[in-house]
Structure formats: C-alpha cells, structure tokens
Amino acid sequence: MKCLSNQKVRFILRQCAQHRSLLRSGKELHGVLTTSGLKKAPRSYLSNSLFQFYAASGDKATAQKVFDEIPLTEKDNVDWTTLLSSLSRCGYLVDSMKLFVEMRRKRVEIDDVAAVCFFGVCAKLEDLGFGEQGHGFAAKTGLLTSVKVCNALMDMYGKCGFVGEVRRLFETLEEKSVVSWTVVLDAVVKWEGLENGREVFDGMPERNAVAWTVMVAGYVGGGFTGEALELLEEMVFKCGYGLNFVTLCSVLSACARSGNLVIGRWVHVYALKMEEEEESCNDHVMVGTALVDMYAKCGDIDSSIKVFRSMRKRNVVTWNALFSGLAMHGKGKTVIDMFQEMVREVKRPDNLTFSAVLSACSHSGLVEEGWQCFHRLRSHGLEPKVEHYACMVDLLGRAGRVEEAEMLMRGMTVPPNEVVLGSLLGSCSVHGKLEIAERVKRELVEMSPGNMGYQIVLSNMYAAEGRSDVVDRLRGSMRNRGIRKIPGMSSIHLNGSVHRFIAGDRSHPRTKEIYLKLTEVIERIRSGGYVPHVPPSEVDLEDKEQALSCHSEKLAVCFGLLVTKPRTTLYVFKNLRICQDCHSAMKIISMVYDREIIIRDRNRFHQFKGGSCSCSDYW
C-alpha cells in the first residue's frame, strides 16, 4: 500500500465505482486505508475519493458517513454536489433538498450541475414554492445563461403544470437544444393535450428518442392506437431510432394505464427481437417487469404469468408487479402459494411486497392468511406501515368484520390516513354499519373538508335506511356546494380505436344500433334469469331501473357484441366500481352469448365466463 501514490489510489477507487464487479474491491481498499491511517493523512483527499466511490455506487448511508468525516476545509463544491446528486438519484428527495439549503447556508458555490440537480428534485416533488425560490436565485447568480439549467427549470414548471411559464422561458432561450424542445413538448402534451403537442412535435427542428416516446405514449394514453403505431413505425423503421429499455418501459407504462393491449403486444414483440442485442441484464429485468405489469393491468393475467416465468432474471420489483397483478385478478391463493418461492429467490421482500400480498388476500377474502402475512412483517425486518394497515382494514371490512376492522384501526401504531378511513367507510356502506360510518365520516371531514364524496356515501346509507329527511338535508347541502356524482365511464379498445361511453350515452356514431343491441341483450338475459337489482331506496339517476340498462359498461359490452366476431373476448375498463346490477348482468351475458368478458373497474378485474365471475361475487 505504501508504494501506491494517492493519485493511484484515487484512480483505483474510480475504477471500482465504474464497475459493479469491483465494488467489493473498493470496500476492501477502504478497510486498508482506514487501518493503515492513510485515509486521515492531511491533504491526501483520500476520504473525498472514498466518498465519491460510495456515492457513485449508490451506497447512500456509507457515502453520507464518509462525507461527514471529511473536514470542512477539505470539502469542495464537487463533493457537496456529488452528495446532492447521489441523494436525488437514490430517491432521498427531501434529504437532497435539505442538503441544498445547507449548501446555501454554508456559502458553498452552486454551479450549473448543482442547480440542475436542485430543479430536478423540485420537479420530482412537484414543489413549486422551492422551485420558484431557486428560479430567483438562478436569475441573480447568472445560472440561467446555462441551457441545461434553463431546461431543468422549464421541466420543473412543466411537472407542476405551469405550461405558460415553460413557454415563456423557452422563448427567452438564445440557444434552444433538442432537450429544450422535448421539455416543452412533454409539458404541452401532458397539460394542453395531444393536438397542441403535435404542433410542437411537428415544429421541432430536431427530434430525439425522448420526443418520439412522449408523443407515442401520449397517443397510447389517449386511446389513439392507429396514430401511436404509425409514429412507432416511423420512429423505428424510417428514422432509425431503436427503442431502448427506457422507451420500452415508458410506452408499456402508458399501455398499462390505458389498457391498450394492441400496442403492448407490439412492444413485446419488439423487445423479444432486441433481447439478443447488447443490453444489460438489468435492462432486460426492467422491460420484463414492465411487461408483467402491462399484461396484468390490461386484463391478460395469463400472459403476465408467462412473461414472468420466461424471465432469466427477476428482482423484488418483478415479483411485486406479479403479485399486484394477481391481486387485481382475485388470485389471492396463487399469491400465497408463491410467496415462499419469492422469499427463496430474492431473500428480502419489501414493504410493497407485503402490500401486494395483503391486497391479494383482501380481494380474495383470505382473512386468516392476511393476518398471518401481517404478523410476518417483523420477521422480515419490517415494521407495519399505514399502507399495510389500510390493506388489513380493507380485508376485514370486505369480509363483514367491520367492528374488528375499526378496532385494528384504533390500535394502529401510526395515525390512520384518508385511505384507511375511506376504506372503513366503504365497508360500512356495503354492510350497513351506519353507526360506525357516522364516526368515520366525522374524522374524514376533519381530515379533508373539501371532499364531499364521503357525504354521498353516507347519504346512500341513510336512503337505504329510509331516513329521507336526513337524505334531503345532505343532498341540499351538496347541491348548494355544486357537488355532483362522478359519472361512470367505460372504454373498450376495438379495431385500433378506443370507444368511450357514459351512462345513457347517445353520442356514439352507432348509437341507434347499440341501443337496439341493448334491447336484444336485456330481453335475452331476462330469459336467462336476470332480474334488475334496484336498491331499497332510489338515490341517484343511475339507480333507477330504467337507467340500470344504460350503465356505461353495458353500452360498451353491447357495442363489443355488435362489432366483434362470436367468442371474441371483450375487454372493458371502467373508472368507478362496477355496480351489483351490472355484475349480475355480465355473468348472464357471458353465458348467453358464450363470451369471455373482462372488466377492470376502479378496484380490480372481473373475468366473466360461463355465467360466473373470477371474483366469486366478492368485491
């Protein structure tokens, strides 16, 4: 060691940071430097090199420890900025923000790298207040002469929804890079829509892969399958942009949100073709995980499982994606059976793993298995978090054990949030626990005074009890505040286009045919045993028997029956929870028309086939 110069040691540490296979060697070198006393040699700056090694390696805890040990006189702005970037990259956004404040207080020089990192953190946190303060600081110190800083600042405003400010800054730029244009494009597509976004896209003097991806993902999310495919083909085959793992994951994420299986399968085929090319194993894991998630959220859980099983390498995120997908499809028993396999493979399940397993138990009514999972948290070195309590409250409430769910909530080691209380209120509504609901509603109103959805739930419960005086008072209050029920909307992807319906919709070009088909369907399922489910007391328009047949999912399914070949599976996506009447109707439609119908509502998937549903009427 003595024969190695400080310069040589720093070179070795840089090499160790750049190659993951050498991480262990870097740590061993740290041990030698410590025991030999060389690390503390004055003006050797070896601690600085060690700190930068750990920061580059993603070891946040050790990096912070080594950084704190460096004398203040030997820290330069590169060290501070490196720690700032490391904290941001590892997801410690609040810590990164605090460090920036400390840098300002200690008068550390803020360069363009630190400024870019700071605005990036503000963008991720969508913290407009801090971002505006940073804008003022950058203007005073001349940092806005850097295009990179301006791009980061525009991105921050874009993520916060201030498109006007993005456009204003863009116009002031003397040098507009392709990144500048892409930042504007991303903000416009997100906040102003695809039409305005396409104008920006068409006006770009140069386009990068990110710009193409923004437009493709926008079209996918908007349901414009044909346009998305055209852009993908132009991007890949005409412009020669290969889809890297970031682009693939971005498009697959858009497919998962919109339920677009057509584009999802196109991307899957492309990913299989590029698998032989030079991409790292980690990239394959990311794309594979995105495919598992996409297929599950698009309703094709069998393909999700096939992709999962075909992956040569998987990580905890992959397992979490599969478990979450299985949970949505009501396959809780499968999740329980696979849990031990997951533990053997990845060793340490994380908080999201247990949330997914508990959610699976909830959707499948596996109360005892859920309790066992909840108690198993600590054996894996984890403490129950609010999301785990939310799953347990939901599980017990769905199973009708509402009093037990409330007891668990009252004994939580962390304060219950709106999700926990809202879940309990929903269970009270399903099982008619008015007294508990009134207590929970009071707490929810204190927590979120502007959210009137809870008043609607309670109003429905009072109506079911026949307490019309209370119902009239509550509805009057809601009308005065301009509160309206969120309309149910269902979408169905057919022949490269998405068709959207709301209850009683008559805006579709083929409305007349759809309603004729609806009349036929209602007559046939009545013969098959369908009886409209009318609540004890009519509350909203959609609850009237006349309107039940016009619910958005029924219209979407009728259109699907109208334009697809017999025995074609229909995939419908609804923004609200499917009602009991539609659930009963879909079971009989699947039997009478010999169709598999898969509906994704706000909470989960329902796979209707042969007169039954995958949820076993438990949702």
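Visitor: Which strands form a hairpin, and how many residues sit between them?
Guide: This is a predicted model. In it, β1 and β2 form a hairpin, with two residues between them. N495 lies in the turn and has a positive phi of about 50°.

Visitor: How many bridges join β1 to β2, and do they run parallel or antiparallel?
Guide: Six bridges join them, and the two strands run antiparallel. β1 covers residues 489–494.

Visitor: Which residue in β2 is the bridge partner of S490?
Guide: That is F501.

Visitor: What order do the strands take in the sheet?
Guide: The order is β2-β1-β3-β4-β5-β6. These six strands form an open sheet with mixed pairing.

Visitor: Which strands stand at the edges?
Guide: β2 (497–502) and β6 (612–613) do. Each has a single partner strand, so one side of each is left without a neighbour in the sheet.

Visitor: Which helix lies across β4, β5 and β6?
Guide: Helix α32, residues 580–592. It runs at about 40° to β5 (605–609). β4 spans 597–600.

Visitor: New topic. Where is T247?
Guide: T247 is in helix α15, which covers residues 245–258.

Visitor: Is T247 buried or exposed, and why?
Guide: Buried, because its relative accessibility is 6% and the cut-off for buried is under 20%.

Visitor: What is T247 in contact with, leaving aside neighbours within four places in sequence?
Guide: T213 and M235.

Definitions and conventions:
Residues numbered from 1 in each chain as written. Predicted model: local features only at pLDDT ≥ 70, side-chain atom pairs only at ≥ 80, totals over all residues. Heavy atoms only, no water. Pairing = 2+ DSSP bridges. Helix = DSSP H or I, 4+ residues; strand = E, 2+ residues; numbered from the N terminus. Contact = heavy atoms within 4.5 Å. Axes fitted to C-alpha atoms, helices over the stretch in contact; angles between N-to-C directions. Buried < 20%, exposed > 50% of the residue type's maximum accessible area, 1.4 Å probe, protein only.
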